[in-house]
Amino acid sequence: MNTIWRFYLDEKRQWRWQQLSVSRAVISESAGAFKAYEACLASAQEEGYIFVPSKTKPYTPKSR
């Protein structure tokens with residue numbers, strides 16, 4: 001299942017996460033807020049979030 005993970009600061013400037021469907025419907029979200037981003041990330045990882053770093057080089061198609 002393809003999902004989108006959203007990490008954001010709430011109105012009290014604390015971190016929260018949401019797991020969204022491709023159509024942007026909320027599938028799950030953090031039960032509470034976190035002062036540190038790392039704690040929020042760890043909570044999301046417990047729920048299935050997998051960090052995928054961005055590519056460092058832009059994609060260049062190979063000519064045939």
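Two strands count as paired if DSSP finds at least two bridges between them. With that in hand, here are some close-up views of this predicted model.

**View 1. Strands β1 and β2 run side by side in opposite directions.** Here 6 bridges join β1 to β2, which covers residues 15–20, and the two strands are antiparallel.

**View 2. Three strands make an open sheet in the order β1-β2-β3.** The pairing in this sheet is antiparallel. Its edges are β1 (4–9) and β3 (26–29), each of which pairs on one side only. On average, neighbouring strands are turned by 25 degrees against each other, ignoring direction.

**View 3. A hairpin links β2 with β3.** These antiparallel strands are joined by 3 bridges, and leucine 20 stands opposite valine 26 in β3. Between the strands of the hairpin are 5 residues, and arginine 24 takes a positive phi near 75 degrees.

**View 4. Helix α1 lies across β1 and β2.** The helix spans residues 37–46 and runs at about 30 degrees to β2.

**View 5. The largest nonpolar core brings together 7 residues.** They are Trp5, Phe7, Trp17, Cys40, Leu41, Ala44 and Tyr49. Both β1 and α1 supply at least two residues each, and the largest share, 3 residues, comes from α1. Which residues does phenylalanine 7 contact, leaving aside its neighbours within four places in sequence? Its contacts are Trp15, Arg16, Trp17, Tyr37, Cys40, Leu41, Ala44 and Tyr49.

**View 6. Glutamine 19 sits in strand β2.** Is this glutamine 19 buried or exposed? Glutamine 19 counts as buried because its relative accessible area is 13%, and the cut-off for buried is under 20%. The side chain of glutamine 19 makes a polar contact with the side chain of threonine 3, at 3.3 Å. Leaving aside neighbours within four places in sequence, glutamine 19 is in contact with Thr3, Ile4, Trp5, Ala25, Val26, Ile27 and Ser28.

View 7. Where in the chain is confidence lowest, and where is it highest? The lowest is in β1, at a mean of 96, while the highest is in β2, at 98.

Technical notes. Residues are numbered from 1 along each chain as its sequence is written. This is a predicted model: local features need pLDDT of at least 70, side-chain atom pairs count only at pLDDT 80 or more; totals for chains, interfaces and linings use all residues. Side-chain values use heavy atoms; hydrogens and water are left out. Helices (H or I, at least four residues) and strands (E, at least two) are DSSP runs, numbered from the N terminus. Axes are lines fitted to C-alpha atoms, for helices over the stretch in contact, and angles run from 0 to 180 degrees between N-to-C directions. Contact means heavy atoms within 4.5 Å. pLDDT is the predictor's confidence in each residue, from 0 to 100. A nonpolar core is a set of buried Ala, Val, Leu, Ile, Met, Phe, Trp, Tyr and Cys residues joined through side-chain atoms within 4.5 Å. Buried means under 20% relative accessible area, exposed over 50%, partly exposed in between (1.4 Å probe, protein chains only). A polar contact is a pair of N or O atoms within 3.5 Å; within protein, one must be able to donate a hydrogen and the other to accept it, and residues adjacent in sequence count only if both atoms are side-chain atoms.
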